[in-house]
Amino acid sequence: MRTEARLEPGADGAANACCSRADDVTSPVASADAISEDAIHRLVDRFYAKVRADPELAPIFARAIPGDWGPHLATMRDFWSSIMLTSGRYKGNPVTVHRRVEGIELELFERWLALFNQTCGELFNDSAAEAFRGKAIRIAESLKLALFYRTEHPWPRSVK
Ligand code: HEM
């Protein structure tokens with residue numbers, strides 16, 4: 001049975017809405033651009049190559065993943081496969097994992113998304129790229145809320 005990836009077990013529907021199958025995945029896209037396991041493999045490899053070369057993000061990832069990147073890349077392929085193809089392969093909890101990431105900052109999500117958007121644009125046609133971007137933006141919003149939202153500092157933090 002296929003299961004959907006969830007950000008936080010037991011979280012409400014709104015928080016998990018980000019993780020259901022992309023609405024437009026079934027619309028026709030050119031075969032070279034189709035969202036497939038192979039395409040996800042290429043996306044993950046290319047995106048994390050950019051992350052590892054990025055002056056802001058690289059040190060955070062290098063600290064969290066000092067050795068073999070193989071397991072992280074495999075996890076990320078499972079994650080995107082679950083999100084985009086509802087394969088159910090990803091079983092983790094991104095909120096819990098990101099809470100342990102030393103140096104993660106609200107502002108860095110913009111950079112992460114910029115690199116992700118760029119990578120999608122390089123690999124996919126507009127329709128497929130937008131399907132990935134839409135998911136990434138919503139998941140990033142959920143992560144930011146889970147990691148940084150504090151009732152005593154109403155959202156967004158920089159607005160008084
Ligand atoms: C500033 C933004 C971000 C930073 C610095 C960041 C950093 C990291 C790092 C360092 C890890 C590896 C942690 C470890 O293995 O100990 C990780 C894992 C992961 N990240 Fe991010 N991340 C960011 C944003 C995102 C976004 C927007 C998504 C989703 C769209 C995402 C999805 C994931 C997933 C699924 C994992 C694997 C979790 C697991 O092991 O189950 N991340 N991230």
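Visitor: What share of the residues in the protein chain is buried?
Guide: Buried residues are 20% of the 160 in the chain. A residue is buried if 20 or more other C-beta atoms, placed from the backbone, lie within 10 Å of its own. This is a predicted model: local features need pLDDT of at least 70, side-chain atom pairs count only at pLDDT 80 or more, and totals for chains, interfaces and linings use all residues. Residues are numbered from 1 along each chain as its sequence is written.

Visitor: How many helices and strands are there?
Guide: The protein chain has 7 helices and 0 strands. From the N terminus on, the order is α-α-α-α-α-α-α. Helices (H or I, at least four residues) and strands (E, at least two) are DSSP runs, numbered from the N terminus.

Visitor: Let's look at α7. What span should it have?
Guide: Helix α7 covers residues 126-148, 23 residues, and should span 33 Å at 1.5 Å a residue. The expected span is 1.5 Å times one less than the number of residues. The end C-alpha atoms of α7 are 32 Å apart, which agrees.

Visitor: Which residues in α7 are buried?
Guide: They are A128, A129, A131, F132, K135, A136, S142 and L143.

Visitor: And how do α6 and α7 cross?
Guide: Their axes come within 9 Å and cross at roughly 165°. That makes α6 roughly antiparallel to α7, a term for angles over 145 degrees. Axes are lines fitted to C-alpha atoms, for helices over the stretch in contact, and angles run from 0 to 180 degrees between N-to-C directions.

Visitor: Which residues meet there?
Guide: F109, L113, F116, N117, C120 and G121 in α6 meet A129, F132, R133, A136, I137, A140 and K144 in α7. Contact means C-beta atoms, placed from the backbone, within 7 Å. By class, there are 9 nonpolar, 2 polar and 2 charged residues. Ala, Val, Leu, Ile, Met, Phe, Trp, Tyr, Cys and Pro count as nonpolar, Asp, Glu, Lys and Arg as charged, and the others, Gly among them, as polar.

Visitor: Switching to α2. At what angle does it cross α6?
Guide: Roughly 135°, with the axes of α2 (residues 37-53) and α6 (residues 108-123) coming within 9 Å. Among the α2 residues that meet α6 are L43, F47 and V51. The contact of α2 with α6 has 8 nonpolar, 1 polar and 4 charged residues.

Visitor: Last one. How much of the contact comes from residues 24 or more positions apart?
Guide: They account for 74% of the chain's contacts with a separation of 6 or more.

Methods. Two residues are in contact if their C-beta atoms, placed from the backbone, lie within 7 Å. A residue is buried if 20 or more other C-beta atoms lie within 10 Å of its own, exposed if 12 or fewer, and partly exposed in between; C-beta atoms are placed from the backbone. Angles under 35 degrees count as roughly parallel, over 145 as roughly antiparallel, 65 to 115 as roughly perpendicular and the rest as oblique.
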